[in-house]
Amino acid sequence: MSVNLQKGQKVDLTKGNAGLRKVMVGLGWDAAQNSLGTFGGKTQDIDCDAIAFLLGSDGKLASSGDVVFFNNLRHASGCVLHQGDNLTGEGEGDDEQIMVDLSNLPQKYERIVILVSIYKATDRSQHFGMIKNAFIRLVDADKSKELCIYNLSENYSGMTSMVFGELYRYKGEWKFNAVGQPMQVWSVAQLAERYGLPRSVWKR
C-alpha cells in the first residue's frame, strides 16, 4: 500500500520493499486560474522542469555533470535518467519522470535531491502560487507499484523553484524525505550554486 506523506516525513524504501532496485520518481502539477485577472482569468501556460541533483557525502555537487535536467537527460553513471517533458507513466498524472537505479548508483553519491523550477519565471511573471495539485511520488519500477506520494498543498506564492523531495542513503538503506522547500531562484545554474557548484564551472 502506498504511503501518503506529509511535509518533513521520511519513509524507508529498500528496507520495507525487499528486492527494490529501481524507482520511478513521478512529478505532477496543474496551472491554477490566475487570481490577479492580469490575463483575463485564463489558465496560464507554465513550463515546469524537473531536476535531479546527485550529491556526495558533503551535501554538494561535484560537477555540472551531476545535474540531470532537460539539457542533460542521462547521468554519466547511467543510473539517473530524465524521461523528458510531459510523460504519463504508471497511473495518470505524471508530467515528468526521473528513473533512478538505486542498486547500481556509485557509492560516492549519498543523496539525490529532486527539484522543480519554473522555466523563465521572471520573464513570464510566474511563480508557484500559480500552481496547484503539485505532487511527487515514488514507484517501484520493476513491479509498477507506488511506494509513496507527497502532495504539496501549501501556498508558495512568489516562489520560483522548489525542492519536492530527496532520496538518501542511511546505514546501507535508501530512504525518502518529503521536503517541500520553496526558493526564489530563477535558473538551474543558480540552484546548482546553492548546492556548492560555482557558477564559473557551470557548463550546461
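Begin by selecting Gln97, which is buried in this predicted model, with a relative accessible area of 6%. The residue belongs to strand β7, which covers residues 96–101, and the side chain of Gln97 makes a polar contact of 2.9 Å with the side chain of Asp94.

Next, colour the open sheet of six strands, whose order is β2-β12-β11-β8-β4-β5 and whose pairing is antiparallel. At its edges you will find β2 (10–12) and β5 (67–68), each of which pairs on one side only. Within this sheet, select β4 (residues 48–55) together with β8 (residues 111–118), which pair in the antiparallel sense over eight bridges; here Cys48 stands opposite Ile118 in β8.

Now turn to the salt bridges, of which the structure holds seven. One of them joins the side chains of Asp12 and Lys175, with an N to O distance of 2.1 Å. Because Asp12 lies in strand β2 and Lys175 in strand β12 (residues 173–183), this pair ties together parts that are 163 residues apart in sequence. Asp12 is partly exposed at 31% relative accessible area, whereas Lys175, at 16%, counts as buried.

Then select Asp142 and Arg21, which form a salt bridge with their closest N and O atoms 3.1 Å apart. The pair links distant parts of the chain, 121 residues apart, with Asp142 in the loop between β9 (131–140) and β10 (145–152) and Arg21 in the loop between β2 and β3 (22–31).

Finish at Glu193 and Arg199, whose side chains meet in a salt bridge (2.9 Å, N to O); Glu193 is partly exposed at 38%, and Arg199 is partly exposed at 40%.

Key:
Residues numbered from 1 in each chain as written. Predicted model: local features only at pLDDT ≥ 70, side-chain atom pairs only at ≥ 80, totals over all residues. Heavy atoms only, no water. Pairing = 2+ DSSP bridges. Helix = DSSP H or I, 4+ residues; strand = E, 2+ residues; numbered from the N terminus. Buried < 20%, exposed > 50% of the residue type's maximum accessible area, 1.4 Å probe, protein only. Polar contact = N/O pair within 3.5 Å; in protein donor to acceptor, adjacent residues only side chain to side chain. Salt bridge = Lys/Arg side-chain N within 4 Å of Asp/Glu carboxyl O.
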